[in-house]
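Hi everyone, thanks for coming.

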Amino acid sequence: MVSTLSHIREIERVGMGAVSPRDAPVVQSWLRCLNDYKLDPTIAQEAYIVPELKLREHREQAEELIRIGRSGLETLFNQIAEQNYVLLLSDARGVTVDFMGDPTFDNQLRRAGLYLGSEWSESRAGTCAVGACLVSGEPVIIHQDDHFDTSHIGLTCTAAPVFDTLGDLTAVLDISQLRSPTAKASQQLALHLVASTARRIELANLMTRTRNDWVLRLARSPEFLDVDPDAAIALDGSGRITGMTHGGFGALARSMNLLGLSTRDFLGQPISQVFDIDIDDLPRFMRGRPNGERLIQARNGLVLFASAIAPAVNLRTPVAPEPRLPRALRDLSGGDVAMERVQARAAKLSARDIPILIQGETGSGKEFLARAIHDSCANPGSFVAVNCAAIPEHLIESELFGYAPGAFTGANPKGKRGLIEEASGGTLFLDEIGDMPLALQSRLLRVLAENEVQPVGALKARPVRLRVVSASHRDLAELVKEGRFRQDLYYRLNAATLSLPPLRDRTDLDWLIGQLIGRIEKENGEAYRLDKDARAALLAHAWPGNLRELANALRVAAALSDGGHITLDCLPDHIFTVSATTAAHDDGSLRRALSECGDNVSALARKLGVNRSTIHRRLKRLN
Ligand SMILES: Nc1ncnc2c1ncn2[C@@H]1O[C@H](COP(=O)(O)OP(=O)(O)OP(=O)(O)O)[C@@H](O)[C@H]1O
């Protein structure tokens with residue numbers, strides 16, 4: 001490795017105009033460091049890691065990008081496993097918002113700035129791959145003493161830009177090593193990998209953001225059309241360009257023989273202006289036709305292979321727009337069908353003052369949903385939660401209905417407003433309504449029917465305006481049959497029932513884990529990463545305690561993690577104990593269990609304490 005002194009001398013010579021054998025991007029960056037940022041090569045500065053709070057802000061702003069980029073990062077990380085590479089995803093300000101590296105080297109990586117929160121803008125860190133890439137918008141290798149600051153001359157870093165669909169540089173993907181061979185050419189493969197991953201992230205971003213548009217993928221060779229196209233362009237229902245990947249921009253600029261254009265110059269332009277097709281031709285470029293036949297020609301004669309993906313919604317047949325969910329209800333699920341139904345119904349119901357009953361197992365999120373319904377209302381007022389199972393029976397009446405002055409001995413002489421009155425103008429959430437004593441059920445019925453409450457010992461009833469949301473993990477219809485719940489109250493409460501699926505049946509468990517980790521990160525002001533095995537164990541568990549159990553398991557895991565890295569060791573032991581339900585996960589044991597129950601799905605469901613649909617679904621999955 002070069003000496004610090006000779007490195008400084010070389011930079012000074014370049015600053016004075018000497019010709020350098022180094023690559024042009026390196027020389028240009030050195031000159032920027034000297035002339036624009038006034039950095040001094042003789043002053044070495046350690047890598048800078050932004051404070052926790054700042055990092056949280058950066059991560060929140062890049063949340064969508066991190067989510068979309070994750071699978072690209074994971075695939076790349078697996079490709080380079082065992083080679084001591086580190087992956088950094090930085091935002092447009094050069095702050096590392098996502099990171100993957102071998103935790104064995106955590107301390108060294110953190111010290112070198114190859115870590116979550118490190119800032120690699122050129123003005124702060126001097127010549128570095130992320131910084132140079134942010135300035136030039138081009139992939140770049142900054143190898144060892146290409147770095148400006150002598151603190152970083154041991155590193156090799158290779159970065160590629162990620163552009164958003166409107167052509168703005170939104171992130172940089174970097175692959176780095178603490179130690180590497182001396183020859184810069186050793187990093188060519190890294191350059192190729194990082195550039196193709198950036199291209200894939202751009203494509204995933206385009207697909208996510210333009211669900212209602214056509215997407216035209218372009219490639220120079222038919223084999224790569226569907227798996228790894230060079231470019232993609234989004235088109236609206238009239239064939240106008242709405243967005244593109246950076247490769248898409250390149251293809252358009254080349255096909256117009258026009259350099260010096262920007263992505264924005266193409267936005268809104270009809271595709272027919274650039275290629276020999278218009279919107280009506282797109283169906284013939286859809287899958288099902290041999291790739292070799294799917295050719296389009298640019299106006300300048302350039303021929304490319306094209307594949308079209310139709311919009312999720314058919315733009316040709318006008319459909320009523322899907323009503324947008326109120327914000328509070330939007331974050332309840334990540335695409336689980338049963339939950340989406342609950343969310344859509346809850347959105348409609350929250351606009352009216354209809355009593356809502358939420359049914360669901362313990363910890364399945366009943367109160368969470370009740371609060372979201374409350375928060376979705378235009379004038380929510382206050383949210384008053386009453387757990388009918390937690391208040392002693394002799395207190396529940398005065399707690400709920402309040403009492404008049406001197407109502408009974410030992411009472412507050414001024415009387416007391418009850419929780420029902422407290423909730424007036426807002427939402428009264430009656431949790432575990434099935435535990436409400438029968439006598440009080442009829443008084444509650446009167447409140448609901450007549451919109452008035454009569455405090456204990458009061459002569460006159462007082463008017464109230466309430467939105468009542470009740471919840472129970474018990475089957476209220478069963479309680480009615482057993483005479484433990486009033487039928488008339490049941491009918492009034494269950495006009496609108498929302499049934500929450502248990503966690504073990506939810507298909508968006510992975511998303512929920514992400515949400516909960518995000519919440520814990522906010523609480524603790526620390527970032528966490530879940531490794532592959534820990535994630536797999538969490539996904540395989542049957543979660544008898546539902547979301548509460550999952551949230552607690554993640555809280556414990558976060559507390560036990562080292563440097564925010566959550567591994568199998570950090571998970572609570574009971575996750576690994578084989579319960580009856582989980583035992584029936586694998587093919588053999590599920591079939592055995594079923595045959596022990598005389599092939600009766602209902603009997604097996606009863607035995608395992610799950611829904612019949614759960615068994616049917618697992619059988620289907622195993623088949
Ligand atoms: N959609 C969700 N996203 C993230 N966290 C959630 C969600 N739903 C519930 N939670 C969390 O899960 C935990 C349990 O939720 P909640 O208390 O609402 O369940 P519950 O069904 O009312 O439980 P119980 O009936 O046993 O009191 C809480 O910590 C809550 O914040």
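Let's start with a helix pair: α4 passes α8 in a right-handed crossing, where right-handed means the near helix is turned clockwise from the far one by less than a right angle, and left-handed means anticlockwise. By helices I mean DSSP runs of H or I with at least four residues, and strands are E runs of at least two, all numbered from the N terminus. Before going on, a word of caution: this is a predicted model, so local features need pLDDT of at least 70 and side-chain atom pairs count only at pLDDT 80 or more, while totals for chains, interfaces and linings use all residues. Residues are numbered from 1 along each chain as its sequence is written.

Back to the pair. Helix α4 covers residues 63-79 and helix α8 covers residues 188-209; their axes come within 9 Å and cross at roughly 155°. Those axes are lines fitted to C-alpha atoms, for helices over the stretch in contact, with angles running from 0 to 180 degrees between N-to-C directions. So α4 and α8 are roughly antiparallel; that label is for angles over 145 degrees, with under 35 roughly parallel, 65 to 115 roughly perpendicular and the rest oblique. Where do α4 and α8 meet? On α4, look at I68, G69, G72, L76 and Q79; they meet L193, T197, R200, I201, A204, N205 and T208 of α8. Contact here means C-beta atoms, placed from the backbone, within 7 Å.

There is another pair to compare. Helix α12 (residues 337-350) and helix α13 (residues 366-376) pack at about 45°, their axes 9 Å apart, and are therefore oblique to each other. A346, A347 and S350 of α12 make the contact with L369, I373 and S376 of α13. This crossing, α12 over α13, is right-handed.

Now zoom out. The protein chain has 25 helices and 21 strands. Of its 623 residues, 38% count as buried, meaning 20 or more other C-beta atoms within 10 Å of a residue's own; 12 or fewer is exposed, in between is partly exposed, and C-beta atoms are placed from the backbone.

Next, helix α2, residues 24-36. Its 13 residues should span 18 Å at 1.5 Å a residue, and the end C-alpha atoms are 17 Å apart, which agrees; the expected span is 1.5 Å times one less than the number of residues. Which residues of α2 are buried? They are P25, V26, S29, W30 and C33. Seen down the axis, they fall within an arc of 135°, so they line one face of α2; the arc is taken from the directions from the helix axis to the C-beta atoms. They pack against α1 (4-15), α6 (122-125), α7 (129-136) and β3 (140-143). The face turned away carries the exposed A24, N35 and D36. After α2 comes K38, with a positive phi near 55°.

In the loop between α2 and α3 (52-61) you'll find Y48. Leaving aside neighbours within four places in sequence, Y48 is in contact with G113, S118, E119, R124 and A125.

Last stop, α19. Its buried residues are L509, L512, I513 and I517, and they cover an arc of only 135°, which puts them on the same side of α19. Their cover includes β20 (529-530), α20 (532-540) and α21 (546-560). Just after α19, G525 has a positive phi of about 65°.

Terms used: Two residues are in contact if their C-beta atoms, placed from the backbone, lie within 7 Å.
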